[in-house]
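Dear colleague,

I am passing on the structure we spoke about, with notes on what turned up when its contacts were examined. Please read the notes with the coordinates open beside you.

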Amino acid sequence: MLETDVLIIGGGPAGMCAAIEAAKLGVKTTVVEDKDRLGGQLVKQTHQFFGSEKHHAGVRGIDIGVKLAGECSDLKVNALTNTTCTGIFDDGSVGCLRGEEFFLIHPKRIVIATGAYENMLPFPDCDLPGVYGAGGLQTLMNVDGVLPGKTYLMVGAGNIGLIVSYQLMQAGAEVVAIVEALDRVGGYEVHAAKVKRMGVPIFLRHTVTHVSGDGKVERATISKIDGSFKPVPGSEFTVSVDAVCLAVGLSPLIELIAQAGCETRYIPECAGHVAVHDSNMRTSLEHIFVAGDASGIEEASAAMVEGRIAGLHAALDVTHGKADSNELLREFDSQLDELRTGPFGQKARQGKSKLWGLKLPPDEEFEEAPPIIPESGKKPVIECPQNIPCNPCAVSCPTESITIGDNITNFPVLDQGTCNGCGNCVAACPGLAVFLVNRDYSDREAEITIPWELTPPPEKGDKGYALDRTGVAICPATVTKIRRVKKIDKKRLLVAFTVPLDKADEARHFVIVEPKGAEKIETLPPADDIIICRCEDVTQKEILDCFNSGYKSFDEIKRYLRTGMGPCQGKTCQRLILGILARELKTHVSELAPQTVRTPMKPTELEIYASSKEIEPWDFENWQPPGGGH
Amino acid sequence: MRKTAKVVIIGAGCTGAAAAYQLAVKHGEKDVVMVEKDFLAAGATGRCGGGMRQQWSTRGNIRLAQRSISAFKNFQDETGQDCEFWEGGYLLPAWNEEMVEHHHTNIKLQNEENVPSRFVTPEEIKDIAPILDTTRMLGGAYCPTDGKANPFLVVKGWCERAADAGVEINVRTEVTGFKTSGDKVTHVETSRGTIECECVINAAGGHSGVIGKMLGLDLPVAPERHQILVTEPVKHCHDPMVIDLRHNIYFSQANHGSFISGHTDYGVQSSFNIRNNWQFPIQLSRKLCYLAPPLKRLKVVRIWAGLYTMTPDAQPIIGPTPEYPNFLNAIGFSGHGFMLSPVTGTILAELITQGKVTVCPIQEFDIRRFKDGTAGTREANVV
Ligand SMILES: Cc1cc2nc3c(=O)[nH]c(=O)nc-3n(C[C@H](O)[C@H](O)[C@H](O)COP(=O)(O)OP(=O)(O)OC[C@H]3O[C@@H](n4cnc5c(N)ncnc54)[C@H](O)[C@@H]3O)c2cc1C
Ligand SMILES: Cc1cc2nc3c(=O)[nH]c(=O)nc-3n(C[C@H](O)[C@H](O)[C@H](O)COP(=O)(O)OP(=O)(O)OC[C@H]3O[C@@H](n4cnc5c(N)ncnc54)[C@H](O)[C@@H]3O)c2cc1C
Ligand code: SF4
Ligand code: SF4
């Protein structure tokens, strides 16, 4: 049994920040992390983050992770990696599995920062090899260095779908299209613009209806959908792909929270069931706190601040408030408020308001920033039209020509007069939304400088084509210069190329070979049923049959069909089955009871339990019943 | 929900379901309403090991179990529902002379009741259950006609046939109280309305004492947590249910390949708590690895718990309550109510429709035994 003051479960940005604040107060702090290193989702985020400097804006996710992990180790946080928490018990102890060992930690306070899991989308043959979740794919690509397919269909145009599409192209894959069920792109426009100008079409109000292939994905069929998300007959078409990537959202991972006995509630704005918690991040159980995506899906920036708040309160409980942290707490609160302003912060703002019983803040409409188009000279063009929480363009500018102001979701404003055309902002913008346009390059030509993160990069003198914002080749172009702004970003290149003067406001990407769009191929009929529970191989039909014979709750269906009884404990199917039940019962998921979660969170070998040192070894030769009973 | 019924059954576990089926389908009493606070088999029934055996130490239990097993055998023919009945036998190892003696005594009693149990040598055990380490066993009691069934499917089959015959089954409906007149219970109050009735069956399992309290009765039943675990599925490799009375553990391989195993908590106290503790998987795994070493690398995927409803002699209470003769209990099954449920249902149906029981003697189950000192010996074969 390991004693600690504060135990943090999950070593992502929320968990690491909780550990940092707790350790700063001098209490004994332990982090358990399932993976082989701290970092959580950050480990696979090779792109630059948004946010403000306080939240490491402009830094690549992976580097933020390394930095926070370093702080943890400086503060002597006991970080147990490769360790999974498999249960929280009523006597306050926490069961952990590490390699071949099952042991207990006895903390005074617990912060649960287990993050999120990916939603799956059920469709015929969705269990064919070649259908990936975006997170899993990112891990393969960015952590393990494996690219499991060459041509992809991306499902979902939220930030994750857009970012992963871009990363796939960075890794040399082709993304034939992005489909999105809603009538708008859910992610930031700057992320969408980035892939669109590379020639990836985004089909709004479309979805993947089925995939087919011989033992693996070979083609995907796409269809238009109507207002109630039903495919429009006759609108389907099929493309040849060898992988489909699902980026259809994340759900808070609350299995430990539920197993521990914390009260939970379904809050759609938090993207699922979450622990009921107050603004100090304390759950309904006094000794348990929650932070990060596990408390409602947001961004790493919010996860970090929530982690700090939870860690600090947990440590204050242990020191019985012997530290004046009021100032710090006020600062964290105001950071969260700031992150949750603007239309993109709306969901989080509303979700937390529901949890805290506050009046719901009004919906905020998206404003469109007017484009800034300089008339002459070598000046930046900022194509950043939404109120996103971001400011590296302003921070990186040596002449303070770009300003954002106090509110981080304001639009960037450029003062053309003071700008010297250095291009720092092009190198710094995580949205790749800033370009330099030099209309005075020559009489007939303009020079466009774009940020470049693809391999292989072009070389000076290369001749090719300029693409417009939708990825269409509009004119020939010649590369004039390639450079880096090392002090801003060591990796990113700035590529300058020339185009005819009249194309200066259209040319936004450069390619050597003219792109050809994806070809439509023959559509094959879909399989007639859909797998919902992959562990136990249970289909939609079986679930509906079960429902129609009177079993109308998750726990009942689980008992009859074994859904959710497999190793994943319902991580994939619970959401889908609750969805089916809600539809059939004509009610809302929030009205339905989620499944009962039981230890262990990770299947554990009998021998590992048997050899645990938490109970003195037994002598079966001279058997005495433990404790004298029985 | 109906406002009146001849019989109201409280609880849709195996006991309530059996009673509903026996009343409506077998005894022609269709004016029955069932009330269940959660859903079918939500209580102990849906959490249990599903084992059924005739190897008991008291004549009463032996007889009940025997009749029930033949009912499970014919389950599909009778109800049209496959209940995954599997005649894999039960094996109770003996580790010392005292246990050998104990088993011989029981086998004699069981054989008198025509149960084909017999004492087997360690070599025979190796044949019956190759995964067991028999090195230290002196033999064991074995009955090839013991077995198991799937409790959900059993409850489903009974309830569906009962509903076809006219029984109204109300799930998500909780009994909250009663109305009485003299020594008669006249109404059952529920979260969804009141039902006027002639007769009530208390089949509320672990919560049957709570139901009794609503009538001011102090029923001699105590809920007790029992934990149980299941491993990942593997290819079928083990037939019998093993009950080891020395090491306090039972285990079997379920139809879909998982091993299911549980024990009685050390120092268990009566309570409604059905959460798990960390000691259970460690203790149970040690015993399983010792008994059946080839299972060592199997992974535990889930642990859960349910309530045993214990009586002072570990035998059930079936029949009317002296204070309220139209209030029948079918409670206190002390960890073996699933296997007894078919005959329990018959006893209840006979009591209600005929006023007397022919299926088997029921004095042993009379609640008055605890007050007037006629309670027999405690059932010794419980894990
Ligand atoms: C593709 C993509 C792009 C993103 N881009 C941005 C961005 O640009 N800006 C931004 O702010 N955010 C971004 N995010 C979101 C950000 O990554 C998450 O919001 C953030 O990582 C959440 O942090 P967390 O600490 O709550 O959870 P996580 O980072 O998910 O960490 C949780 C950790 O808990 C561990 N864990 C879980 N269960 C257990 C257990 N039982 N025992 C032990 N350990 C356990 C997990 O292994 C994991 O390491 C992006 C996310 C994705 C997927
Ligand atoms: C871990 C475990 C393993 C077991 N293994 C075996 C085995 O292998 N073989 C065997 O024969 N037995 C076994 N048993 C025992 C067996 O499960 C029980 O004896 C049997 O299921 C009892 O059935 P029941 O219908 O009487 O009670 P239950 O199944 O508990 O049903 C009672 C029902 O009443 C409902 N109820 C309670 N209060 C109210 C109310 N106020 N209003 C309405 N409804 C109410 C409950 O929700 C519940 O559904 C095991 C038990 C456990 C816990
Ligand atoms: S080009 Fe240089 S000076 Fe001009 S706005 Fe960008 S960073 Fe500032
Ligand atoms: S232009 Fe500025 S505010 Fe917009 S994405 Fe780029 S860095 Fe962020």
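**Salt bridges between and within chains**

A salt bridge of 3.8 Å, taken from N to O, brings together the side chains of B:Lys296 and A:Glu607. Because B:Lys296 sits in the loop between helix 8 (279-291) and strand 16 of chain B, while A:Glu607 belongs to helix 15 (residues 606-610) of chain A, this pair joins two chains. Please bear in mind throughout that the model is a predicted one. Both partners are partly exposed, B:Lys296 with a relative accessible area of 31% and A:Glu607 with one of 24%.

A second pair that joins two chains is formed by A:Glu621, in the segment after helix 15 of chain A, and B:Arg136, in the loop between helix 5 (122-128) and strand 6 (139-143) of chain B. In the salt bridge between A:Glu621 and B:Arg136, the closest N and O atoms are 2.9 Å apart. A:Glu621 is partly exposed at a relative accessible area of 45%, and B:Arg136 is likewise partly exposed at 44%.

Within chain B, a salt bridge links B:Arg59 to B:Glu112, with 2.9 Å between the closest N and O atoms. B:Arg59 lies in helix 2 (residues 59-73) and B:Glu112 in helix 4 (residues 97-112), so the pair ties together parts of chain B that are 53 residues apart in sequence. B:Arg59 counts as partly exposed at 31% relative accessibility, as does B:Glu112 at 43%. Salt bridges with shared partners also connect A:Glu100, A:Glu605, A:Glu607, B:Lys296 and B:Arg297 in one network. Over all chains, a search of the whole structure gives 46 salt bridges.

A:Asp90 is placed in the loop between strand 4 and strand 5 (94-98) of chain A, and is partly exposed, with a relative accessible area of 49%. Its side chain makes a polar contact of 2.8 Å with that of B:Arg275; once neighbours within four places in sequence are left aside, A:Asp90 is in contact with B:Asn273 and B:Arg275.

A:Glu180, in strand 10 (residues 174-180) of chain A, is buried and yet has no salt bridge, the nearest side chain of opposite charge being that of A:Arg184, 7.3 Å away. A polar atom of the A:Glu180 side chain does, however, lie 3.0 Å from the backbone nitrogen of A:Leu182. Beyond its neighbours within four places in sequence, A:Glu180 has contacts that include A:Gly156, A:Phe203 and A:His206.

**The two ligands**

Ligand 1 has 32 residues around it, of which A:Ala14, A:Glu33, A:Gln41, A:Asp293 and A:Ala300 come nearest. A polar backbone atom of A:Gln41 is 2.8 Å from an oxygen atom of ligand 1, and a polar side-chain atom of A:His47 is 3.1 Å from a nitrogen atom of ligand 1. The protein buries 94% of the 1,000 Å² that ligand 1 exposes when taken alone.

Around ligand 2 there are 37 residues, the closest being B:Thr15, B:Glu36, B:Thr45, B:Gly51 and B:Met339. Oxygen atoms of ligand 2 lie 2.7 Å from a side-chain N or O atom of B:Thr15 and 2.6 Å from one of B:Glu36, while a nitrogen atom of ligand 2 is 2.8 Å from a backbone N or O atom of B:Gly51. Of the 1,000 Å² of accessible area that ligand 2 has on its own, the protein covers 96%.

How values were computed:
Residues are numbered from 1 along each chain as its sequence is written. Chains are lettered from A and ligands numbered from 1 in the order in which they are written. This is a predicted model: local features need pLDDT of at least 70, side-chain atom pairs count only at pLDDT 80 or more; totals for chains, interfaces and linings use all residues. Side-chain values use heavy atoms; hydrogens and water are left out. Helices (H or I, at least four residues) and strands (E, at least two) are DSSP runs, numbered from the N terminus. Buried means under 20% relative accessible area, exposed over 50%, partly exposed in between (1.4 Å probe, protein chains only). Lys and Arg count as positive and Asp and Glu as negative; His and the chain ends are not counted. A salt bridge is a side-chain nitrogen of Lys or Arg within 4 Å of a carboxyl oxygen of Asp or Glu. A polar contact is a pair of N or O atoms within 3.5 Å; within protein, one must be able to donate a hydrogen and the other to accept it, and residues adjacent in sequence count only if both atoms are side-chain atoms. Contact means heavy atoms within 4.5 Å. A residue is near a molecule or strand if one of its heavy atoms lies within 4 Å of it. Accessible areas come from the Shrake-Rupley method with a 1.4 Å probe; for residues, only the protein chains shown count as cover.
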